[in-house]
Structures are given as C-alpha cells and as structure tokens.
Amino acid sequence: MQVTLLAHTPEPERVVAAAARLCYSPASAAELKENISDEEIGNLLKIILRSGHLSTCEHPSFTFGIDGISRTCSHQLVRHRLASYSQQSQRYVRYSAPEIIVPPTVAADENLSKQFKESTLAAFDRYMEFLEGGVAPEDARYLLPQAVATKIVVTMNARELLHFFSLRTCDRAQWEIRAMAEEMLKKVYPLAPRIFKKSGPACIRGRCPEGKFYCGHPRKMTDDGLIIIPEKEWVHR
Ligand SMILES: Cc1cc2nc3c(=O)[nH]c(=O)nc-3n(C[C@H](O)[C@H](O)[C@H](O)COP(=O)(O)OP(=O)(O)OC[C@H]3O[C@@H](n4cnc5c(N)ncnc54)[C@H](O)[C@@H]3O)c2cc1C
C-alpha cells in the first residue's frame, strides 16, 4: 500500500483559526489570516476542539493518492460520504497482471497462502479468458476477487478526517483500512499537529465507546502523530 499526500490547503491551522475569529470580529478574513498570532491560533484551536464546534475545521482539505489497496478496503473507504473520490475504473482499465492483496493472517500460513494464491489466480485467469473471448471488461470484472488491488484519490476536509481517523484507526476497524488510515494520519499530522493532536481512536480522548468490544489497550498519540499502545510501545499492524 502506498499513501501519498497529493495536495492540501496551505497553512491549515491558520485558516481554521481565522475562520473561527471571523465569527466574532469586524475584521476581514484576509486581515485575520495575515495578522493572527501563532499563540492565538493555538488557543483558538484548543477551544474549537474541546467544544466540538468543528465547522471551521471544514475549510482546509487534504487530497491523498492511495495505491495498492484491495477492493475490500476501497469499498469501506467510500462509505465515508463527506469526501470526494476518483477510483481506477474496472470498466476502462483492463488488468494485464494480477495485483492481489493478501491478508497478513493468510500470508503467515504457508498452506492458506498457497490456496489463496491458487483461487485468486484461477479467477484472474478466467477473467483474462473472458476478455480474450470478447466479453467487455465491465462484465468480465464480475469474476475478479475482492482482493484485487485498486488505486483511488480521496479528498477529505479536516473535520471529516478527524471523524474518519476516530473510526478507522480503532482496533475495531479492519486491518487494511486501519493501516491506510494510520498512514494518512502520519501524513497530515506534521501539517496541522494542533488539529490532529488528539485524533485517532476515541480512547485517545477518553472512554472507549465500543462497550463489550473494547480491546483493553487504550492508545496514545506521540508527538510525531504515531498511534501507540503505551505498554507495548509502537505497534504497527
Ligand atoms: C468497525 C466498523 C464496522 C462496520 N461494520 C459495518 C457493517 O457491518 N455494515 C455496514 O453497512 N457498515 C459498517 N460499517 C460502516 C459504517 O456503518 C459507516 O457507514 C462508515 O463508517 C461511515 O461512517 P459515517 O456514516 O459515520 O461517516 P461519514 O459518511 O463519513 O459521515 C460523517 C458524519 O456526517 C454525518 N452524516 C453523513 N451523512 C449523513 C446523513 N445522510 N444523515 C445524517 N448525518 C449524516 C454523520 O454524523 C456522520 O457520522 C462499519 C464501520 C466500522 C468503523
């Protein structure tokens, strides 16, 4: 999996703080953005994040290019509705060689790994036969497994990212989207550390809301934007 930050709003924290100050100031947004001090930005961000008045966090946006995730993962990603997506089409792109995502639990077992490879390759071979027999890619693709790799561009604003990280970096999320969300967080954290300081699973901010599904390992955030399990040190799954 490769996660690349393609573009982002410049000075995201300054933009959020200027938008927040504008609500209570006669000055223009441009003046506020120019003149607001770094200390004031920090104070405003603290208030916004503590109070949950997050609409000002909708102004800065972040665009990611994500390569080499499974269709299983991309299907979960696009359930997040407050985002924009462009995904490699299986109608217009014919696969010439299979790129298959193998779950780590399968990869760790030689026998399962072999079976997985055989099944996915068999499906892929049949897909190729259909294409060669004249079936359109949009129909032949029904044969492709969910493990097939895809590429997607996604844009989310900071508010949606906070929500996305809360759900998808949690232990309850599936391993692949969790790994992807952690990579995305690592990319945006240095650009807006005060916005993303307490992002990540809900346990970073307080009580776990998952009830009986609580994993028992409250996370912490390092100054580099890494989510850690303190008693186990950094665990990357
Ligand atoms: C651990 C886990 C397990 C899951 N299991 C399943 C499953 O078994 N089956 C399944 O179908 N899905 C499942 N999902 C997906 C989940 O139900 C959501 O579709 C997905 O996480 C997107 O979250 P969301 O709707 O909160 O956020 P987004 O779509 O990102 O929206 C952000 C927020 O905007 C608001 N919002 C957006 N659209 C509306 C709207 N139409 N009306 C009102 N408010 C809106 C909500 O407050 C929402 O939280 C799972 C997700 C997780 C994290």
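Me: Which strand pairs with β2 over nine bridges?

Reply: That's β4, and β2 and β4 pair in the antiparallel sense. Strands pair if DSSP finds at least two bridges between them; strands (E, at least two residues) and helices (H or I, at least four) are DSSP runs numbered from the N terminus. Within this pairing, Ile66 has Ile152 in β4 as its bridge partner. β2 is also joined to β1 (residues 2-8), antiparallel, by six bridges. There, Gln2 stands opposite Asp67 of β2.

Me: What kind of model is this?

Reply: A predicted one: local features need pLDDT of at least 70, side-chain atom pairs count only at pLDDT 80 or more, and totals for chains, interfaces and linings use all residues. Residues are numbered from 1 along each chain as its sequence is written.

Me: How do I read two packed helices?

Reply: You use the angle between their axes and the distance between the axes. Here, the axes of α1 (residues 12-22) and α3 (residues 38-51) come within 9 Å and cross at roughly 75°. Axes are lines fitted to C-alpha atoms, for helices over the stretch in contact, with angles from 0 to 180 degrees between N-to-C directions. The two helices are therefore roughly perpendicular (65 to 115 degrees).

Me: Which residues of α1 meet α3?

Reply: Glu13, Arg14, Val16, Ala17, Ala20 and Arg21, facing Glu40, Ile41, Leu44, Leu45 and Ile48 of α3. Contact means C-beta atoms, placed from the backbone, within 7 Å. Leaving aside neighbours within four places in sequence, Val16 is in contact with Leu45 and Ile48, among others including Cys57 and Ile195.

Conventions:
Parallel < 35°, antiparallel > 145°, perpendicular 65-115°, else oblique. Contact = placed C-beta atoms within 7 Å.
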